[in-house]
Amino acid sequence: MTNYLARRLLIAIPSLLGISVILFTILALAPGDPFEELATNPAIPPDVRAHLRASLGLDDPIHLRYWSWLTAMLRGEWGYSFISRIPVDQLILQRLPTTIAVIGLAQIVALCIALPVGVYAATRPYSVFDQVANTLAFIGFSLPTFFTGLLLILLFSIHLDWLPFVFRTDIEATGWRWWWEMLRQTIMPIMVLGLFQGAAWTRYVRAATLDVIRLDHVTTARAKGLPESRITILHVVRNAMIPVVTLVALQMPAVFGGAIVTEQIFRIPGIGSLLVTSILSNDTPVIMAVTFVFAILVIFFNLVADILYGWLDPRISYR
Amino acid sequence: MNEDDLRQMIGRVQRGSLSRRGFVKRMAAVGLTAPMATQLLALSGISPASAQSVPTYAPSRRGGGGALKILYWQASTLLNPHFGSGTTNADASRVFYEPLAGWATDGTLHPILAAEIPSTDNGGLSPDGRSVTWKLKRGVKWHDGQDFSADDVIFNWEYAKNPAVAAVSSGSYRDVNVVKVDDHTVRVEFNQPTPFWADAFVAAIGQLIPKHLFKDYAGANARDAPTNLRPVGTSAYKFVSFAPGDNLRAELNPNYHLDNRPYFDTLEIKGGGDAVSAARAVMQTADFDYAWNMQVEDEILKRLEANGRGKVNIVEGGSIEFVQLNPTDPHREVEGERASIKSEHPAFRDPKVREAMALLIDRNALEQFIYGRGGPATANFLNNPPRFTSPNMRWEFSIAKANEILDAAGWVRGRDGIRAKDGVRLRFIYQTSVNAPRQRTQAVYKQAAQRAGIDLELKSVTASVFFSSDVANPDTYTKFFADMQMYTTTMPQADPERFMNQYVSWEVSSKANNWQGRNISRFRSEEYDRIFRESQGELDPVKRAALFIRMNDIVVSSNHIIPLVKRPTVSASLNNLRHVLSAWDGTTWLLSDWWRET
């Protein structure tokens with residue numbers, strides 16, 4: 001097991017290096033620079049802009065820039081944002097709590113919907129419940145989140161005027177009022193993301209459970225006269241969860257990465273909106289940091305998924 | 001009325017034999033607007049009644065106004081005025097920092113940290129135009145209780161011009177010399193006579209940061225200064241918290257240097273999102289008091305206004321959407337350079353073709369169907385302040401006339417309906433950035449041109465590429481490798497010198513200067529160059545205004561430059577909010593004077 005872990009971690013190093021090279025090259029080749037807005041402002045002479053570029057090292061060749069980025073990263077320095085001139089790690093840490101809260105809750109909502117609905121639908125295939133659940137799931141994951149987000153805003157904020165649609169980090173109330181306000185402003189984005197994710201997962205859970213429910217050991221369990229609930233939970237769900245766990249684990253990096261579109265619509269100051277604004281303003285250090293951390297998380301949760309596999313299914317061994 | 005008459009009348013007002021009101025009335029009789037007339041007076045050293053350029057402030061005590069909530073769809077990221085690129089950052093730091101003076105929307109200066117606006121009469125402006133002396137307001141304190149003095153002003157100059165700091169504002173400070181006269185007086189000295197002296201220490205670029213908090217960070221370590229994100233200024237609102245790219249909070253400054261100000265107890269500026277939902281948050285749900293820069297179709301704004309809760313504010317400045325007809329040949333390389341100034345455009349060198357092109361764009365349609373209130377049609381390139389507006393230019397839309405001109409000039413239609421002469425076909429590549437109204441404008445132009453036998457090939461480039469300074473990319477607007485292009489250019493100051501230098505020959509954008517020259521259109525005229533040089537040394541404001549009007553007339557009547565619509569700034573606010581906006585300064589330039597009618 002330790003051997004396996006060590007090997008996997010060693011393999012991760014070249015892949016991370018490869019990812020960082022690709023990311024950096026694409027960003028360096030992309031047109032535009034962080035001082036675009038200065039270019040159209042006649043009050044700022046072009047040589048001031050050229051000097052600013054030079055001071056940030058933007059005129060150096062790509063390989064030199066990459067090398068200085070890499071060495072800094074290895075020393076634990078994430079660099080400074082070109083745009084806000086503060087350390088990137090600070091910028092990310094500022095936004096992480098909001099993203100984890102909103103996206104994390106959305107994932108939990110998704111799981112709470114997908115697991116019971118998927119399993120129940122699979123135990124009664126082609127029943128009315130199954131048909132309805134299926135139809136709703138199809139609708140749910142065919143509607144893009146930006147569309148449902150706008151629909152919810154139009155309905156709950158504009159027509160009914162129940163919920164605010166501008167996310168505020170500085171709610172002045174304290175105690176339960178604060179929680180209430182927080183709930184009011186996060187319920188829409190959480191529902192938009194949770195329902196979308198939940199719809200997709202419901203389909204997977206149902207399919208996985210259907211596969212298991214027909215197997216011989218389930219029939220045996222029934223023949224032994226075990227109660228149906230016990231069969232479902234112990235004999236079906238545990239085995240059906242293996243592919244689902246991979247899916248959920250691979251979705252975890254998104255909790256860090258944020259939901260780009262949804263955060264933009266609801267003005268949630270999360271990692272997703274940070275990424276979008278940095279991309280739009282060509283803020284390379286921030287884009288690199290966010291995407292790179294995202295890559296690390298994807299690799300890490302892949303590993304986690306593989307390990308969980310073994311725990312759920314002892315037949316799988318690590319070599 | 002000629003210049004002499006005007007001078008005589010101004011003289012009479014100065015001597016007191018003609019009242020200011022009488023002067024304005026007489027000016028109105030000969031077709032000059034009241035703002036222009038008062039500006040003529042102001043420029044001649046006759047100060048306008050104080051409350052003229054800025055609306056009256058009614059509240060009779062400080063505070064008690066509750067919360068003021070402002071929404072920006074672009075979030076600020078930085079609160080150091082010397083570093084922030086872009087309007088959002090300048091506006092956000094302006095909440096805390098103040099300059100010596102700001103620009104009111106009528107194009108006059110409004111004193112903020114200065115005791116008075118320098119003029120020839122009060123001895124602030126030297127007669128040779130080589131220096132300007134600012135008297136600072138006394139009794140001004142920074143938010144931390146320290147006194148504001150001339151040392152702070154000097155420090156800002158040293159800080160901004162230091163190349164190690166790499167300040168965005170350095171362009172305004174490196175060519176001047178600043179001397180401390182006494183604790184409350186500074187003198188800005190110029191190398192040559194400078195008619196436009198109100199740049200350093202004025203408006204966005206002039207926001208003053210405190211010496212005692214920045215002096216240890218005045219070099220290469222400038223970006224480490226903790227005060228870059230926790231500003232301590234002199235303004236009406238004190239810093240509370242700031243999350244870059246998201247939210248900015250401030251509260252009333254109990255020691256503000258003006259009486260009864262500010263009105264609001266707390267201030268919040270939320271950033272991010274999109275313009276349409278920002279408009280909704282103000283005019284439909286009234287969650288916010290003010291929303292910045294409403295780049296939203298006028299139809300939608302009108303519908304939201306119909307709710308009766310909020311209104312749209314339109315402030316006219318100098319921004320203009322215009323078309324450039326390339327005087328050089330973008331399709332042929334001369335000495336390894338496309339669109340080189342050594343070449344000549346095969347079709348646009350004929351003034352008749354340019355004249356026809358100018359007749360083929362229906363500005364009325366643009367205003368009515370595309371831009372609405374956000375784009376009034378104009379015939380001038382230099383539209384504001386009113387004292388610089390040329391009365392001589394007219395625009396016209398006539399396909400018949402364009403056809404006539406082209407026929408007379410010998411451009412005959414070929415079999416495909418496209419005109420040609422001596423093997424040159426009237427087929428042009430027309431480029432602009434990706435932006436819905438621009439693509440619609442392109443379509444309108446193309447349709448009309450087709451009916452006159454001119455084929456326009458439309459090209460649109462993503463804005464981040466089009467407006468970038470990327471030397472390797474052939475599609476940037478500064479390279480102008482197309483027959484014609486269209487974009488909006490902005491005028492950041494109420495003075496046109498920086499604005500009109502985009503047509504002087506020594507600023508031509510070319511390979512030699514890495515396409516960083518300001519003259520992107522590559523327009524050249526000896527007369528223009530001469531008049532521009534003359535204006536740089538002309539200290540008489542009336543004569544100087546006449547020179548700029550002449551410059552406008554030269555570029556516009558050459559038809560290389562075709563002005564389309566003015567682009568005023570559009571914002572949304574609640575009906576009861578009394579704000580002070582300016583076309584020549586940031587949204588937050590006079591936040592101290594905002595209040596709410598109850």
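Q: How many aromatic pairs are there over all chains of this predicted model?
A: The count comes to 38 aromatic pairs over all chains.

Q: Why is the pair of F24(A) and Y66(A) called edge-to-face?
A: The ring centres of F24(A) and Y66(A) are 5.5 Å apart, and a pair needs centres within 6.5 Å. Their planes stand at 70°, and planes over 60 degrees apart count as edge-to-face, so F24(A) and Y66(A) get that name.

Q: What makes this a pair that ties together parts apart in sequence?
A: F24(A) belongs to helix α1 (residues 2–29) of chain A, while Y66(A) belongs to helix α4 (residues 62–74) of chain A, so the pair joins parts that are 42 residues apart in sequence.

Q: How do you know whether F24(A) is buried or exposed, and what about Y66(A)?
A: Buried means under 20% relative accessible area. F24(A) has 6% relative accessibility, so F24(A) counts as buried. With 13%, Y66(A) counts as buried too.

Q: What kind of aromatic pair do F466(B) and F467(B) form?
A: An edge-to-face one, with 5.0 Å centre to centre and 75° between the planes. Both F466(B) and F467(B) are buried. They also belong to a cluster linked by ring pairs, whose members include F322(B), Y477(B) and Y528(B).

Q: What makes K479(B) count as a charge over the ring of W515(B)?
A: The charged end of K479(B) is 4.3 Å from the centre of the W515(B) ring, and the distance cut-off is within 6 Å. In chain A, R206(A) lies over the face of Y126(A), at 5.8 Å from the ring centre.

Q: Why is an area used to describe the contact of two parts?
A: The accessible area lost when parts come together is often given as the size of an interface. Between chain B and chain A, the buried area is about 4200 Å², with carbon and sulfur atoms giving 54% of it. The contact takes 53 residues from chain B and 44 residues from chain A.

Q: What makes the contact of R168(A) with E268(B) a salt bridge?
A: The closest N and O atoms of R168(A) and E268(B) are 3.4 Å apart, and the cut-off is within 4 Å. The rule finds 1 salt bridge across the interface of chain B and chain A.

Q: Which element gives the most to the side of chain B that touches chain A?
A: That is α8(B), with 4 residues.

Terms used: Residues numbered from 1 in each chain as written. Chains lettered and ligands numbered in written order. Predicted model: local features only at pLDDT ≥ 70, side-chain atom pairs only at ≥ 80, totals over all residues. Heavy atoms only, no water. Phe/Tyr/Trp six-rings, centres within 6.5 Å; stacked < 30°, edge-to-face > 60°. Helix = DSSP H or I, 4+ residues; strand = E, 2+ residues; numbered from the N terminus. Buried < 20%, exposed > 50% of the residue type's maximum accessible area, 1.4 Å probe, protein only. Lys NZ or Arg CZ within 6 Å of the ring centre and 35° of its normal. Contact = heavy atoms within 4.5 Å. Buried area = accessible area lost by both parts, 1.4 Å probe. Salt bridge = Lys/Arg side-chain N within 4 Å of Asp/Glu carboxyl O.
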